[in-house]
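Subject: Structure handover

Hello,

Here is the structure I promised to pass on. Please open it first, then read the notes below.

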Amino acid sequence: MQTSLRNVLPTLLALLLGYGLMQMGNTLQGTLLSIRGSIETFSPTEVGAVGAAFWAGIVLGSLWAGTVIARVGHTRTFAALAAVAASTALFHLLAIHPVVWIAARALTGFCFAGLFMVVESWLNSTASGETRGQILSLYGMTGLIAGIGGQLLLPAGDPAGFRLFCAVSMIISLALVPIALSRATAPAHATGEAGISLPRLYGQSPFGLVAAFLCGVTSASFFALGPLFAHEAGLDTGGIAIFMACGTLGGFAMTWPLGWLSDRMDRRLVIIAAAGAAAAIILALLTFVPAKPPAWVLYFCVAVFGGSVIPTYSIVTAHVNDMVKPGEFVAASGGLLIVLGAGSTAGPIVSGMAMSLFGPRGLAYTTILAQVLIAAWGVYRIRQRAAPPEAEKEAFVPEPAVPVGTELVPSS
């Protein structure tokens with residue numbers, strides 16, 4: 001470990017521990033709401049709308065939470081938003097109704113966007129040019145590991161009861177502790193906002209913008225409705241937890257190999273191959289696997305699916321960064337976030353409607369369509385524009401599980 005990284009390790013550990021606890025509570029809550037919604041006889045469309053609301057809140061929070069940070073500082077913002085997010089987790093028990101849950105989930109997304117912005121901008125101020133890539137890699141991997149941990153907490157209680165909701169609230173509240181007790185000095189100023197122009201970004205990377213939207217459609221649909229799909233496939237609570245964890249674990253395992261490969265060839269080819277693999281594994285599941293397959297078959301298929309889908313957004317981000325100027329990295333990341341959030345908002349709604357019409361296969365149909373569109377658009381764009389020269393490519397780094405508008409990129 002480099003000396004410069006060792007010097008900031010106490011601050012880094014406190015921030016990553018707080019972030020990990022937030023992400024653990026967030027993933028547990030998302031899966032829990034999907035299952036509890038089914039228990040409360042919410043339709044798949046309503047369950048999808050609850051999942052979509054979180055991403056709508058993420059986009060709004062990413063656009064507006066920076067103003068709060070600038071006014072009251074990082075520590076106060078983190079404490080206030082964590083308190084609201086922890087309280088909102090319990091509010092789902094007080095009013096069990098789809099409309100109320102949609103509003104509560106949107107508020108949770110807004111809070112989490114602000115929480116992640118606090119952590120990311122704090123880490124950015126701590127990082128140097130020599131350590132920024134390492135810190136961002138640790139940050140992305142922490143999110144994936146915490147997500148797996150959150151999924152595996154699901155069997156600790158009955159989704160029809162109240163204990164798991166209390167656990168979510170406690171975990172989010174505990175995220176306050178390492179950051180509140182850290183002796184590190186918070187950044188004096190929040191990361192400045194850069195101008196975002198989606199038309200300009202589309203002109204620089206048409207493939208990247210469309211692919212980011214479809215990545216949002218796929219990943220948000222999976223995390224919002226995957227538990228419902230697994231339940232309909234015959235898995236119990238523990239099986240659903242393992243099913244969702246296997247999807248995230250597959251993404252964790254394949255992030256570095258696919259990233260390494262994308263650094264050595266046209267990134268669009270890697271994205272096309274990953275999209276094709278995701279569509280193929282789902283199609284094989286629908287075609288050759290019975291309606292109530294053995295659990296290990298579902299675990300294997302979702303691990304391959306997660307390994308194909310979850311790393312894709314990181315590669316899309318790297319591809320877009322290859323196409324924009326160095327001083328436009330933050331604006332490009334913010335633009336990609338808006339597009340990803342739009343796809344993540346639309347995806348669960350469309351997938352939920354498809355599940356209402358076609359049953360569990362509706363989620364598979366939506367996902368296959370999104371992945372086929374990524375591959376087809378990629379093939380078309382390769383024919384229109386050559387890949388950037390190797391000398392202009394940015395190094396690949398894994399993106400966090402819930403990316404927001406503040407990115408750990410070298411300041412211009």
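I began with a pair of helices. From H10, Phe207, Gly208, Ala211, Ala212 and Cys215 make contact with Thr312, Tyr313, Val316, His319 and Val320 of H14. By class, the residues of this H10–H14 contact are seven nonpolar, three polar and no charged. Bear in mind that this is a predicted model.

Now the geometry. H10 covers residues 206-232 and H14 covers residues 312-323. Their axes are 9 Å apart, and the packing angle is about 160 degrees. Angles over 145 degrees count as roughly antiparallel, so H10 and H14 are roughly antiparallel to each other. The crossing of H10 past H14 is left-handed.

H14 has another partner, H12, which spans residues 267-288. The axes of H12 and H14 come within 10 Å and cross at roughly 160 degrees. This pair is therefore roughly antiparallel too. H12 and H14 also cross in a left-handed sense. On the H12 side, the contact residues are Arg267, Arg268, Val270, Ile271 and Ala274. They meet Thr312, Ile315, Val316, Ala318, His319 and Asp322 in H14. This contact of H12 with H14 divides into six nonpolar, two polar and three charged residues.

Next, the core. The largest nonpolar core holds 103 residues. Which of them touch the most other members? They are Met22, Phe78, Phe112, Val119, Leu123, Leu154 and Phe243. H10 gives the most to this core, with 14 residues. As background, nonpolar side chains in soluble globular proteins tend to be buried together.

Two single residues deserve a look.

Ala230 sits in H10. Is Ala230 buried or exposed? Its relative accessibility is 0%, so Ala230 counts as buried. Beyond neighbours within four places in sequence, Ala230 contacts Leu235, Ile240 and Phe243. Phe243 is also one of the core residues that touch the most other members. From Ala230 to Ile242 is 12 residues in sequence and 10.0 Å in space, C-alpha to C-alpha.

Gln151 belongs to H6, residues 132-152. Gln151 has a relative accessible area of 2%, so this residue is buried. Which residues does Gln151 touch, not counting those up to four places away in sequence? The list is Thr27, Thr31, Phe223, Ala241, Met244 and Ala245.

That is everything from my side. Over to you.

Best wishes

Note on methods
Residues numbered from 1 in each chain as written. Predicted model: local features only at pLDDT ≥ 70, side-chain atom pairs only at ≥ 80, totals over all residues. Heavy atoms only, no water. Axes fitted to C-alpha atoms, helices over the stretch in contact; angles between N-to-C directions. Helix = DSSP H or I, 4+ residues; strand = E, 2+ residues; numbered from the N terminus. Parallel < 35°, antiparallel > 145°, perpendicular 65-115°, else oblique. Left-handed = near helix turned anticlockwise from the far one by under 90°. Contact = heavy atoms within 4.5 Å. Nonpolar A, V, L, I, M, F, W, Y, C, P; charged D, E, K, R; others polar. Core = buried A, V, L, I, M, F, W, Y, C linked by side-chain atoms within 4.5 Å. Buried < 20%, exposed > 50% of the residue type's maximum accessible area, 1.4 Å probe, protein only.
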